[in-house]
Every structure is written in C-alpha cells, then in structure tokens.
Amino acid sequence: MYAIVRAGGRQEKVSVDDVLNIDKVTDEVGATLTWEPLLVVDDGKVISETTELDGYQVTAEVLGEAKGPKINILKYKNKTGYKKRLGHRQKYTQVRVTGIAAK
C-alpha cells in the first residue's frame, strides 16, 4: 500500500516506514504530522476520487532536521572586475511515515 501526498509544495510517494525529507516545518521532534492523500493504491486498487479519499489519512512522525547539499553560486562579468560568490544550503525536516489508514 502506498499513497501520494502533498508535502511542502511537492508531491511525494510514501508508504509505511519510509523516511523522507520535506521542506522545513516548525514542529518539534516526536510530533505527529497528518496529510490528506491525493491518491491511494491498496493491493492494485487505485483510489483517486475525492469522496473516497476523504476517509484516508497519512500520519508521519518528525525525526529531526536535515540539510541539503551545498550549492555554490558564482556571478562574473567580463572586463569589469565584478565577481560575486554566494552559497546556499536548504534546510529540511526528516519524517518517518507511521501509517496510511482510513479514518
């Protein structure tokens, strides 16, 4: 059984005991997140109608914070002496999916 959920502006395919990184949320470690699924696949049966999906809920436990890879940015213009170095490292929240069940 797996589900497609919207987490942090992206859609993620999740199943029970999956660990994934989502955009940073303010919840503390050990807190429980709940998502409404966009699609549920249960033993080959695809459920995508909103009336049937209202009965399903995906729960996840917050494990902690994580960081993405460092991205280096270099801006340069020829013959002007303009150089600029920037860097960025996205912060994520690591969660473990604990259940996909009907309400």
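These are my notebook entries on what I looked up in a predicted model of one protein chain.

**Entry 1. The chain as a whole**

I began by listing the elements, and I found one helix and 10 strands in the chain. Read from the N terminus, the order is β-β-β-β-β-β-α-β-β-β-β. I then looked up the overall dimensions. The C-alpha atoms fill a box of roughly 65 × 30 × 20 Å along the principal axes. The radius of gyration of the chain is 19 Å, while a compact globule of 103 residues would have one near 13 Å.

I also noted the surface. The accessible surface comes to about 7200 Å², and 46% of this belongs to carbon and sulfur atoms. As for burial, 26% of the 103 residues count as buried. Last, I looked up how far apart in sequence the contacts reach. Among contacts between residues at least 6 apart in sequence, 64% join residues at least 24 apart.

**Entry 2**

Strand 7 (residues 56–67) and strand 10 (residues 91–102) run antiparallel and are joined by 11 bridges. As an example of facing residues, I wrote down glycine 64, which stands opposite glutamine 94 in strand 10.

**Entry 2. The sheet 2-1-5-6**

I found another open sheet of four strands, with the order 2-1-5-6 and antiparallel pairing.

Strand 5 and strand 6 run antiparallel and are joined by three bridges. In this pair, aspartate 42 stands opposite lysine 45 in strand 6.

**Entry 3. Strands 8 and 9**

I next looked up strand 8 (residues 71–77) and strand 9 (residues 82–88), which pair in the antiparallel sense over seven bridges. Isoleucine 71 has histidine 88 in strand 9 as its bridge partner. The hairpin of strand 8 and strand 9 has four residues between the strands, and lysine 79 takes a positive phi near 65 degrees there.

Leaving out residues up to four places away in sequence, tryptophan 35 touches Val5, Arg6, Ala7, Ile22, Gln57, Val58, Ala60 and Val95.

**Entry 4. Glutamate 12**

Is glutamate 12 buried or exposed? I found that glutamate 12 counts as buried because its relative accessibility is 18%, and the cut-off for buried is under 20%. Glutamate 12 is in strand 2 (residues 10–14). Apart from neighbours within four places in sequence, glutamate 12 is in contact with Ala3, Ile4, Val5, Ala7, Leu20 and Asn21.

**Entry 5. Aspartates in loops**

I checked some backbone angles, bearing in mind that most residues other than glycine have a negative phi. Aspartate 17 has a positive phi near 70 degrees. Aspartate 17 lies in the loop between strand 2 and strand 3, and counts as exposed at 56% relative accessibility. Aspartate 43 also has a positive phi, about 55 degrees, although it is not a glycine. Aspartate 43 is in the loop between strand 5 (37–42) and strand 6 (45–47), and is exposed with a relative accessible area of 76%.

I also looked up aspartate 54, in the loop between helix 1 (50–53) and strand 7. Aspartate 54 counts as exposed because its relative accessibility is 52%, and exposed means over 50%. I noted one distance here: from C-alpha to C-alpha, aspartate 54 and leucine 33 are 17 Å apart in space, and they are 21 residues apart in sequence.

Key: Residues numbered from 1 in each chain as written. Predicted model: local features only at pLDDT ≥ 70, side-chain atom pairs only at ≥ 80, totals over all residues. Heavy atoms only, no water. Buried < 20%, exposed > 50% of the residue type's maximum accessible area, 1.4 Å probe, protein only. Contact = heavy atoms within 4.5 Å. Pairing = 2+ DSSP bridges. Rg over C-alpha atoms; globule rule 2.2 N^0.38 Å. Areas by Shrake-Rupley, 256 points an atom, 1.4 Å probe, with all protein chains shown as cover.
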